[in-house]
Structures are given as structure tokens and as C-alpha cells.
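Hi everyone, thanks for having me. Please have a look at the screen, and then I'll walk you through a few places.

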Amino acid sequence: MYQESETVKKLRQQAQAADRTAPGSYVSANEERLNQLYQALSDRKAFRYDPSADPLYQSYRQQYVTLGRRAMEDTLGQAAGLTGGYAGSYGQTAGQQAYDGYLQQLNGRLPELANLARQSYQDQEDRLRQQYDRLQQQEQTDYSRWRDTLSDAWQRQQQAQALYRDARDFDYQQQRDAVADDHWQADYNLSAAKASASSSSGSGSSGKAEKTYDGMTDAQLTARLQALRSRLTLAQTVKVLQGSNSGLTKAQAARALQLLQN
């Protein structure tokens with residue numbers, strides 16, 4: 001049964017820790033205010049000038065009414081002085097005309113006041129749009145930073161998991177190879193013992209000894225080849241025999257190659 005080495009355990013723990021570094025779902029810090037600004041812009045009605053709701057108009061009206069009353073009083077006083085203290089209808093008419101004259105001046109300023117109110121309305125809308133645009137840009141920046149953090153965490157996870165998988169696979173193969181080597185050695189020892197017994201039996205009956213290569217017979221070398229071929233490809237087997245880590249002498253390896261080719 002496969003058991004992780006300490007190195008593989010450590011890499012697995014690192015991979016698990018990397019999984020926990022990913023940020024949570026994106027939470028907007030600007031959503032509520034963005035909704036408020038959007039609603040404020042959507043709810044704005046078309047501009048309509050209402051003097052009664054214009055503080056500037058009301059201020060001007062109070063001034064002109066005051067000036068009109070003073071003018072009317074002055075006119076009435078002057079008329080009374082001309083008529084011996086009695087204003088009469090002429091004085092009243094003249095006084096009313098003086099009062100109405102100031103109200104007409106006030107009405108003459110209505111276009112100017114309406115334009116000022118329209119400009120104030122537009123300025124307020126522009127400020128709302130600017131606030132909305134700035135906040136939306138901030139929202140995009142925050143979201144982009146979150147995506148970058150998420151991407152970095154994902155890359156760390158992938159790298160940590162890849163390191164763990166590669167180390168685990170290598171470690172597993174090493175353990176499998178070690179088990180295969182043990183099985184091969186056992187099979188080899190058994191084959192060598194059988195070959196030795198067969199050789200001894202043949203020598204006793206025929207008197208002719210089987211040819212050996214640095215102490216190994218063809219039967220023993222064939223058993224060795226079978227063990228190699230059970231876990232290696234043909235090309236890998238040839239490479240092992242041609243190398244220095246086959247466990248065979250040069251003579252044994254050369255003979256094994258001959259047997260492999262036959």
C-alpha cells in the first residue's frame with residue numbers, strides 16, 4: 001500500500017493551504033450609494049420654472065414690493081400736498097401706478113431668474129452624474145483588484161497542486177519500483193537456484209558443464225532478462241544492459257544482449 005513520504009505530505013499541506021488563500025465572493029462597497037445616485041438621476045423631472053418655489057425670486061419680490069409700497073406712499077404724500085391734504089382719486093391712481101411699476105420690474109426679471117434656476121437645476125444634475133461616474137470608476141477598480149487577487153490565488157493553487165501531484169506520482173513510482181526490484185530479486189534468486197540445480201544434475205548425467213559468463217548461465221541470464229522486460233520496454237532494457245547500472249558484468253551484459261536479440 002502506498003504511503004506518502006514526508007516531502008509529499010508537506011507539499012500536500014501546502015496545496016491545501018493555498019486553497020484557503022482564495023478571496024471570498026466579491027462584495028461591493030459602493031453598490032448602495034450607486035443605487036441611490038442612479039435613482040436620484042432617474043427620478044428627476046423635466047425642468048419647470050415655478051417662481052413661488054424659487055427662493056431668489058421670493059427675495060427679489062420682497063424687495064420690489066417694499067420699494068413699490070414706498071413709491072406709492074411717496075406719491076400719495078406728494079398728491080396730498082398738492083391738494084391741501086386730500087389725496088383724492090388722482091393720488092391713489094398715481095400711487096398704485098408707482099407700486100405696479102415696481103412689480104412690472106420684478107416681472108421683467110423673470111426670464112433672468114428662470115435661466116438662473118435652469119442653470120442651478122442643470123448644475124445639480126451634473127454634480128449627481130459626476131458623483132455617479134466617479135463612484136462607478138471606483139467600483140470597476142475595486143472589482144478589477146478583486147479579480148487580480150482571485151487570479152493570483154488560483155495560480156498559486158495550481159502551482160502548489162502541480163508540485164504535489166508530481167511529487168506524489170514520483171514517490172509512488174519509486175515505491176512501486178522498489179517493490180518490483182524486490183520481486184525481481186526473489187524471482188532471480190529462485191531461477192538461479194533452479195538453474196544451478198539443473199546444471200548440477202546435467203553435469204552428473206552427461207559429464208559436460210553448461211557454459212557460464214562470469215559465473216552466470218544462459219538460464220540465469222534469461223531469468224534476469226525476463227525480470228527486466230516485465231517492467232521495462234525493449235529500448236529501456238537494451239539501455240540498461242548497455243549501461244553500468246544493470247548489475248551485470250560486461251561479459252554477462254553482452255551475452256544478455258545476444259539472448260535478447262535471439
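Predicted model: local features only at pLDDT ≥ 70, side-chain atom pairs only at ≥ 80, totals over all residues.

Residues are numbered from 1 along each chain as its sequence is written, and side-chain values use heavy atoms, leaving out hydrogens and water.

Let's begin with helix 6, residues 218-229, and helix 8, residues 250-261. Helices here are DSSP runs of H or I, at least four residues, numbered from the N terminus. The axes of helix 6 and helix 8 come within 10 Å and cross at roughly 70°; axes are lines fitted to C-alpha atoms over the stretch in contact, and angles run from 0 to 180 degrees between N-to-C directions. So helix 6 is roughly perpendicular to helix 8 (65 to 115 degrees; under 35 is roughly parallel, over 145 roughly antiparallel, and the rest oblique). Contact means heavy atoms within 4.5 Å, and among the residues making it are Leu221 and Leu225 of helix 6 and Leu259 of helix 8.

Next, helix 7, residues 234-242, packs with helix 6 at about 130°, with axes 9 Å apart. That makes helix 6 oblique to helix 7. Here Leu225, Leu228 and Arg229 in helix 6 meet Leu234, Thr237 and Leu241 in helix 7.

Now, the rings. Where does Arg44 lie relative to Tyr121? Arg44 is over the face of Tyr121, 4.1 Å from the ring centre; for this, CZ of Arg must be within 6 Å of the centre and within 35 degrees of the ring normal.

Definitions and conventions:
Helix = DSSP H or I, 4+ residues; strand = E, 2+ residues; numbered from the N terminus.
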